[in-house]
Amino acid sequence: MKFTKKLHHKLNIFVTINMKKVVIFLKENLHFLFFLFAFSWLLILKNELLISRSFEDFRFHIDAPFWFFLNGIFIFLLVTFIKKKVDNNSQLKISIEKKYVLFFGIGLFCYVLYSNVLGLLVAFIFNTFSRNFGSLYQIVYKNFGSIIDFLIFGGFSLAYLYFKENRKYEEQVKDYEISKVKNEVTQLRTQLNPHFLFNNLNVLDHLIEEDTEKASSFLNRFSELYRYNLFSANKELVSIQDELTFSEGYFELMKVKYNSYYNLIIEEELKLLKAILPPFCIQVLVENAITHNRGTQLNPINIKIEQVKEGIKVSNNKMAFKNKKKGNGIALKNITKQFHYFVKKPILIKENETSFEVTLPLINLK
């Protein structure tokens, strides 16, 4: 009694596991199986129409497409099994094209062998050997039919398996590229945060020597901005309103030192725009305009942020420092890579003797 229960329990587990495998197989290959089913019906229907002289002679056996379809499924399973076994052989180092030729060759041999062995068993069981294998013509005809069947269904199966493998490989490459770009963006942001901190501490250092009250005011504002910096550092995208607020705060911080040597003009309509973009990209452009241009009271640097057809344009007039080394462009490289990853569009950079402008594409929120 205990043995029977144990056997019954194991049988239930076996059936459950295999049923799950069947369900997974059907889900993964449903479209291809439907194609084989439709093809079987159309091929049998075409053959019946060809041998019929008229509609009165037309005879269609409804079970014929199902047997042909089951034969197609068997060939598909055989090819899949062979492919899996060959793929698991890690010692086999050949190109993917040669692998599929090998799948096809082994599959064809196994299918023809299977057809002959099955035919012989049926012939011996029902005593029809002389009718099925009585002449060379019958043997050639039977094997030629098996080869044709495998060429059709085996060809379809290998084409489908190659398509699946290729799509899987493309998805793996895509996932790898996304992971790689994400890591690059993270690394660039870790470069940008110290860059932001270092530049502002330099300003604070100068202010401490020049004016302690200004230094105190600068430090208070800087702490608020750096809190936002830390809050947004892990975000992939932020609203344009948050970015503009941060950029304005940063500019007000710079005004503590530079007074009216630099002006920031933000188009009011931008503050109502429903769009997102990578964090710090506008602030970095404002910072670059201040860092690379020498504003004076008579000739201030005017930084303008406005909406254009292509996105957001940040522009400024140029008044470069004398004998100042050109920067390494980390900020622009950072922005370029982030927009390439998130927006799939390039930033537009235009520069001449009197002005510099960068246009950032936007991700609009509907």
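Colleague: How many salt bridges does the structure hold?

Modeller: Quick heads-up: this is a predicted model, where local features need pLDDT of at least 70 and side-chain atom pairs count only at pLDDT 80 or more, while totals for chains, interfaces and linings use all residues. Residues are numbered from 1 along each chain as its sequence is written, and side-chain values use heavy atoms, leaving out hydrogens and water. A salt bridge needs a side-chain nitrogen of Lys or Arg within 4 Å of a carboxyl oxygen of Asp or Glu. By that rule, the structure holds nine.

Colleague: Which residues are linked in a network of salt bridges?

Modeller: Start with D87 and K83, whose side chains meet at 2.8 Å, N to O. D87 also meets K99, at 3.6 Å, and K83 forms a salt bridge with E165, again with 3.6 Å between the closest N and O atoms. Put together, the network links K83, D87, K99 and E165.

Colleague: How many residues apart in sequence are the parts that K83 and E165 tie together?

Modeller: Helices here are DSSP runs (H or I, at least four residues), numbered from the N terminus. K83 and E165 form a salt bridge. K83 sits in helix α2 and E165 in helix α5, so the pair joins parts whose separation in residues is 82.

Colleague: Is K83 buried or exposed?

Modeller: Go by relative accessible area with a 1.4 Å probe and protein chains only: under 20% is buried, over 50% is exposed, and in between is partly exposed. K83 has 12%, so that makes K83 buried.

Colleague: What is the centre-to-centre distance of the aromatic pair F39 and F153?

Modeller: Rings of Phe, Tyr and Trp (its six-membered ring) pair if their centres lie within 6.5 Å; planes under 30 degrees apart are stacked, over 60 edge-to-face, the rest tilted. That rule gives 22 aromatic pairs. For F39 and F153, the planes are 90 degrees apart, making the pair edge-to-face, and the centre-to-centre distance is 6.1 Å. F39 lies in helix α1 and F153 in helix α5, so the pair ties together parts 114 residues apart in sequence, and the distance you wanted is 6.1 Å.

Colleague: Is F153 buried or exposed?

Modeller: F153 belongs to one aromatic cluster, whose members include F39, F68 and Y160. The relative accessibility of F153 is 0%, so F153 counts as buried.

Methods:
Helices (H or I, at least four residues) and strands (E, at least two) are DSSP runs, numbered from the N terminus.
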